[in-house]
Amino acid sequence: MNDLLRRLLFLPPQLSRHARDVDGLHFFVVITTLVAGFLIFATALVFMIRYRRRREGEATPEVQPKHWHEAVFVGVPLAFFLLWFAIGYPQYVETTQPPPGAMDVFVQGKKWMWKFAYQGGPSSIDVLRVPAGRPVRLLITSRDVIHSFYVPELRLKQDALPGRYTQTWFQADQPGRYQVFCAEYCGLSHSGMLAELVVLPAPEFDIWIAEQRRGEARAQDAALTGSERSMPGSSILDQGRRVAADQGCLKCHSVDGSRHIGPTFIDLYSRHEKLTTGEVITADEAYLTRSMMDPAAQLVAGYQNVMPSFQGRMTPPEVAAVVEYIKSLKTPATDAGPSEGPVYEPIPR
Amino acid sequence: MSQFPDSSPPVFAERNYLNTPATGLKSWLTTLDHKRIGVMFLITTLIFFAVGGLFAMLIRIELLTPGPTIMDAMSYNRMFTLHGVVMIFLFMIPAIPSGFGNFLLPIMVGAKDVAFPRLNLLSFYVYLLGALIALGGMIYGGADTGWTFYTPYSTTTTTKVVPILLGAFILGFSSILTGLNFIVTVHTLRAPGITWNKLPLFVWSIYGTSVIQILATPVLGMTLLLVAIEHAFGWGIFDPARGGDPVLFQHFFWFYSHPAVYIMILPAMAVISEVVCAFSRKNIFGYKAVAYSSLGIAFVGFFTWGHHLFTSGQSAFNAGVFGVLSMFVGIFTAIKVFNWVATMYKGSISFKTPFVYFIGFLFFLFFGGMTGVALATVSLDIHWQDTYFVVAHFHFIMVGSTIMAFLAALHYWWPKITGRMYNERWGLVGATLVVSGFVFTFLPQFLLGNEGMPRRYFNYPERFQALNVASTAGASVLGIGFLVILVYILVSLKYGPVAGPNPWGSRGYEWLTPSPPPLENFDELPAFERGPHEYHDLPGVEAVAPGAGSSHA
């Protein structure tokens with residue numbers, strides 16, 4: 001029954017007890033609405049047929065309501081509305097009260113990516129790994145504008161606000177991969193601000209997080225370790241690639257030549273670029289560095305002025321590493337790398 | 001008692017507001033006649049409705065496929081912002097109150113004009129000024145913030161958000177001036193015989209709307225000004241880095257904009273109360289309940305704004321209070337729905353175009369309203385907030401209910417305003433297209449929201465495509481419906497049969513005067529002995545109302 005109604009209403013699978021509870025209320029609300037709608041419109045239809053105009057200018061009797069009519073009109077809907085509320089409100093309150101002992105994950109939204117940090121240092125971009133069957137508390141904030149963390153399968157949404165923390169919690173039942181959306185409009189790539197929720201069996205998660213903590217000094221970016229090959233003997237390129245992912249460069253600049261919000265990184269070095277001013281420049285080290293510090297100064301024609309300045313947000317060695325990384329990206333030497341966040345596989349219905 | 005002899009053939013009033021005192025453009029632009037100002041409002045708002053509708057069609061075409069279809073992400077973001085701004089500030093808020101309200105309210109209270117005719121004309125020009133500044137901002141660059149202008153996005157975006165904010169700020173003054181005018185008119189200019197309990201229900205709802213306009217619009221003005229100041233000078237009012245509060249904006253904004261929803265829906269209820277009585281030939285079931293529930297909605301509507309902030313980190317206590325209060329607005333609406341249905345009981349129902357729009361209105365208001373109450377249960381809102389479910393919900397209310405009522409009003413009062421009848425057969429075709437097109441546009445969006453598709457998404461995962469295509473298909477039917485209406489309504493201006501003073505046989509006060517009405521509204525002021533919705537004491541001889549048959553010509 002639950003599954004049939006869920007599919008009829010196009011609801012995604014239920015990943016937690018909370019999701020099942022909310023769907024229960026959803027079904028109750030839909031059924032009472034349809035029954036009430038049927039009664040009202042069937043009554044209206046009977047009136048329309050029975051009292052259709054048979055003769056122009058007919059006189060009609062004056063009908064006035066009795067007090068009990070109005071009492072029913074107010075009382076019956078109010079009773080149902082308050083019943084819905086009495087079910088729904090405690091469900092909401094529960095999501096605001098994490099159980100003691102829940103694992104904390106710090107969530108940071110920024111244009112246009114999600115950063116997830118675990119206690120003890122490990123962090124990842126756009127992939128949130130959690131253990132199945134254990135409560136997880138999310139402490140959510142934003143670095144720029146308002147975003148909203150949304151996982152439909154959890155029936156859970158919480159805004160990410162700059163300058164303060166909000167919290168919510170969940171306990172996922174099933175291992176699997178689910179999509180995280182940004183639900184609060186945040187600009188050009190709002191619909192590209194996707195992340196992935198990976199629910200691992202608890203023992204597997206324990207192994208993963210222990211490994212992350214051990215390898216903390218080596219690689220922080222868990223999102224890229226899986227899909228990337230290391231380039232032996234070129235640690236500055238590794239660093240550059242990591243910084244580029246960390247700082248979000250790759251959210252807007254592709255490394256495989258595909259068109260995106262900013263110019264692609266591949267073959268960018270020493271390319272001749274036409275600017276919005278009409279001037280043609282060569283993208284050398286100086287231009288690349290300047291573009292990170294003051295992106296609006298020399299904007300490539302055809303692109304919007306949306307890139308923030310990274311002045312003060314990267315150390316000089318990091319800037320140099322990113323420049324070296326861009327220099328290394330040449331057509332014959334490069335495999336298609338990560339460019340637009342996680343590869344998402346649709347969940348079969 | 002100055003009833004028109006019901007057996008005379010339909011006449012087009014020789015001396016009417018369209019040709020007195022003059023017919024030139026200048027006489028229109030400098031007129032103080034509330035009827036002409038109302039007509040100018042109607043024409044202007046309809047032009048903006050066409051512009052907003054064009055944006056809507058472009059949005060739906062863009063969403064046919066994931067990724068870019070006909071435009072890039074920046075154009076899309078500007079497009080939905082402009083769609084919202086144009087539809088809400090330039091069409092929805094002024095259309096029924098300033099358009100039909102201006103034309104009808106003074107006639108319905110038996111007055112010669114509104115209390116302050118010069119302020120009334122000023123309201124129109126303030127509206128034009130605001131509209132031109134906002135339009136200038138759109139042409140000059142457009143904004144990409146959504147019509148809600150949420151900070152800190154709106155204060156940091158590089159798009160031209162200031163002229164549009166300024167335009168909306170100026171439009172607010174038009175709203176205030178008109179509201180003020182109506183309140184004073186209803187209090188001071190009622191003709192002898194029209195007591196408060198004999199006011200047409202249209203007037204009651206417009207009165208409720210005016211109260212909201214006066215009390216809430218200044219808050220919007222201040223809020224928009226603060227955003228403009230922050231955007232231009234960076235004072236840090238909403239910037240947490242400088243001690244500001246980004247959520248404060250949401251409280252300010254919805255303190256106006258939630259009541260603004262009732263500025264949009266109360267006038268629709270005003271129209272429907274008139275239409276259901278006229279086409280059922282029946283007194284309204286529970287006059288006082290319908291009249292006072294309008295005031296109830298206007299009052300409680302001020303205390304529900306927090307239900308827009310369930311996910312933005314407000315306390316659980318606040319969420320509970322705002323949730324319960326939101327349900328009371330639902331109760332006032334439920335009272336009206338039940339009373340409208342009960343009004344048909346023992347009536348004499350005629351399925352003319354306005355009545356078909358009433359059926360559509362009732363359907364959309366019921367489902368729009370029930371989904372609204374469902375959203376107020378808090379836990380369901382957490383899933384639906386900022387998804388297409390909310391988009392479908394408020395379009396059911398704003399488009400489904402308000403536009404249906406607007407179209408009902410346009411057809412019902414068309415003979416009064418122009419003196420001519422539209423073609424009834426084409427009217428029914430248009431109504432069928434619009435109502436069914438609307439259902440097919442927005443039903444899929446409820447399901448999209450259930451499935452989890454967030455709103456304002458330029459790109460979307462492929463599993464959402466089928467429902468998006470269905471929605472776009474429905475939107476095309478809706479668009480064709482509007483085109484059909486535009487054609488036959490324009491044709492009727494010249495070729496429509498003469499309507500006569502009262503083609504519907506309605507008892508409303510505005511039908512006691514010739515069509516189109518004379519400059520002074522009534523040649524000779526009626527005694528208003530009968531209420532505006534009373535049909536029970538008709539003598540049998542008044543069988544056929546003048547012009548009733550001509551609509552089929």
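Started with H3(B) and H6(B), the latter being residues 161-188 of chain B: their axes come within 11 Å and cross at roughly 20°. An angle under 35 degrees counts as roughly parallel, so I put H3(B) down as roughly parallel to H6(B). I noted the crossing of the two as left-handed. Bear in mind that this is a predicted model.

Next I looked up who meets whom. From H3(B) I listed residues including Val85(B), Phe89(B), Ile93(B), Pro97(B) and Gly101(B), and they face a set in H6(B) that includes Ile164(B), Ala168(B), Leu171(B), Ser175(B) and Phe182(B). By class, this contact has eleven nonpolar and six polar residues, and no charged ones.

Then the chain contact. I got 81 residues of chain B in contact with 74 residues of chain A. On the chain B side, the elements giving two or more residues include H3(B), H8(B) (246-280), H10(B) (316-343) and H14(B) (424-451). H10(B) gives the most, with 13 residues. I sorted that side of chain B by class and found 45 nonpolar, 26 polar and ten charged residues.

Last entry: H6(A), residues 235-246. Just after H6(A), I found Gly248(A) with a positive phi of about 90°.

Technical notes. Residues are numbered from 1 along each chain as its sequence is written. Chains are lettered from A and ligands numbered from 1 in the order in which they are written. This is a predicted model: local features need pLDDT of at least 70, side-chain atom pairs count only at pLDDT 80 or more; totals for chains, interfaces and linings use all residues. Helices (H or I, at least four residues) and strands (E, at least two) are DSSP runs, numbered from the N terminus. Two residues are in contact if their C-beta atoms, placed from the backbone, lie within 7 Å. Ala, Val, Leu, Ile, Met, Phe, Trp, Tyr, Cys and Pro count as nonpolar, Asp, Glu, Lys and Arg as charged, and the others, Gly among them, as polar. Axes are lines fitted to C-alpha atoms, for helices over the stretch in contact, and angles run from 0 to 180 degrees between N-to-C directions. Angles under 35 degrees count as roughly parallel, over 145 as roughly antiparallel, 65 to 115 as roughly perpendicular and the rest as oblique. A crossing is left-handed if the near helix is turned anticlockwise from the far one by less than a right angle, and right-handed if clockwise.
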